[in-house]
Amino acid sequence: MSNENLKRLGESLGLNAYFRLNPASQGVVPRSMMATTMEAIIGAVYLDSGKDMATTRALVNRLGI
């Protein structure tokens, strides 16, 4: 999935509200920051589940990725 698609997915989940941004950014979360956050969430689920691919795959499917 591309950074743009991950950014859109993060925005659709409302993750924008949880970023603390520099005032100069005017409230816009950079594409790379949102994409990296989405990747980190998926990675965290993978690690926290004991590297269970079924659990991680379920998350990815639920997110529509």
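**View A. Lys7 and Glu11 form a salt bridge in this predicted model.** The closest N and O atoms of the pair are 2.2 Å apart. The contact is made side chain to side chain, and also counts as a polar contact. Lys7 and Glu11 sit 4 residues apart in helix H1, so about one helical turn separates them. Lys7 counts as buried because its relative accessibility is 14%, and the cut-off for buried is under 20%. Glu11, at 32% relative accessibility, counts as partly exposed.

**View B. Lys7 has contacts beyond its own stretch of sequence.** Lys7 belongs to helix H1, which covers residues 3-12. Which residues does Lys7 contact once neighbours within four places in sequence are left aside? They are Val29, Pro30, Arg31 and Met34. Two of these residues return in later views. Arg31 lies in helix H2 and is partly exposed, at 45% relative accessibility. Met34 is one of the buried residues of H2.

**View C. Glu4, Arg8 and Arg31 are linked in a network of salt bridges.** Side chains of opposite charge can pair when their charged atoms come close. Glu4 meets Arg8 side chain to side chain, at 3.6 Å from N to O. Glu4 also meets the side chain of Arg31, at 3.3 Å from N to O. Arg31 is in helix H2 and Glu4 is in helix H1, so this pair ties together parts that are 27 residues apart in sequence. The pair of Glu4 and Arg8, in contrast, stays within H1: the two are 4 residues apart, about one turn of the helix. How exposed is Glu4? At 29% relative accessibility, Glu4 counts as partly exposed. Arg8 is partly exposed as well, with a relative accessible area of 47%. Arg31 counts as partly exposed at 45%. A search of the whole structure finds 3 salt bridges.

**View D. Helix H1 has a buried face.** The buried residues in H1 are Leu6, Lys7, Leu9 and Gly10. Seen down the axis of H1, they fall within an arc of 165°, so they line one face of the helix. What do the buried residues of H1 pack against? Their partners are helix H2 (31-48) and helix H3 (53-63). Just after H1 comes Gly14, with a positive phi of about 80°.

View E. Met34, Ala35, Met38 and Ile42 are the buried residues of H2. How far apart are the end C-alpha atoms of H2? They are 26 Å apart, which agrees with the 26 Å that its 18 residues should span at 1.5 Å a residue. Gly50 follows H2, and its phi is positive, near 75°.

**View F. Gln26 has a positive phi in the loop between H1 and H2.** The phi of Gln26 is near 55°. The residue is not a glycine. Is Gln26 buried or exposed? Gln26 counts as exposed, because its relative accessibility is 71% and the cut-off for exposed is over 50%.

**View G. Lys51 has a positive phi in the loop between H2 and H3.** The phi of Lys51 is near 65°, again a positive value in a residue other than glycine. At 53% relative accessibility, Lys51 counts as exposed. The loop that holds Lys51 runs between H2 and H3. Gly50, with its own positive phi near 75°, follows H2.

Notes
Residues numbered from 1 in each chain as written. Predicted model: local features only at pLDDT ≥ 70, side-chain atom pairs only at ≥ 80, totals over all residues. Heavy atoms only, no water. Buried < 20%, exposed > 50% of the residue type's maximum accessible area, 1.4 Å probe, protein only. Polar contact = N/O pair within 3.5 Å; in protein donor to acceptor, adjacent residues only side chain to side chain. Contact = heavy atoms within 4.5 Å. Arc of directions from axis to C-beta. Expected span 1.5 Å × (residues − 1). Salt bridge = Lys/Arg side-chain N within 4 Å of Asp/Glu carboxyl O.
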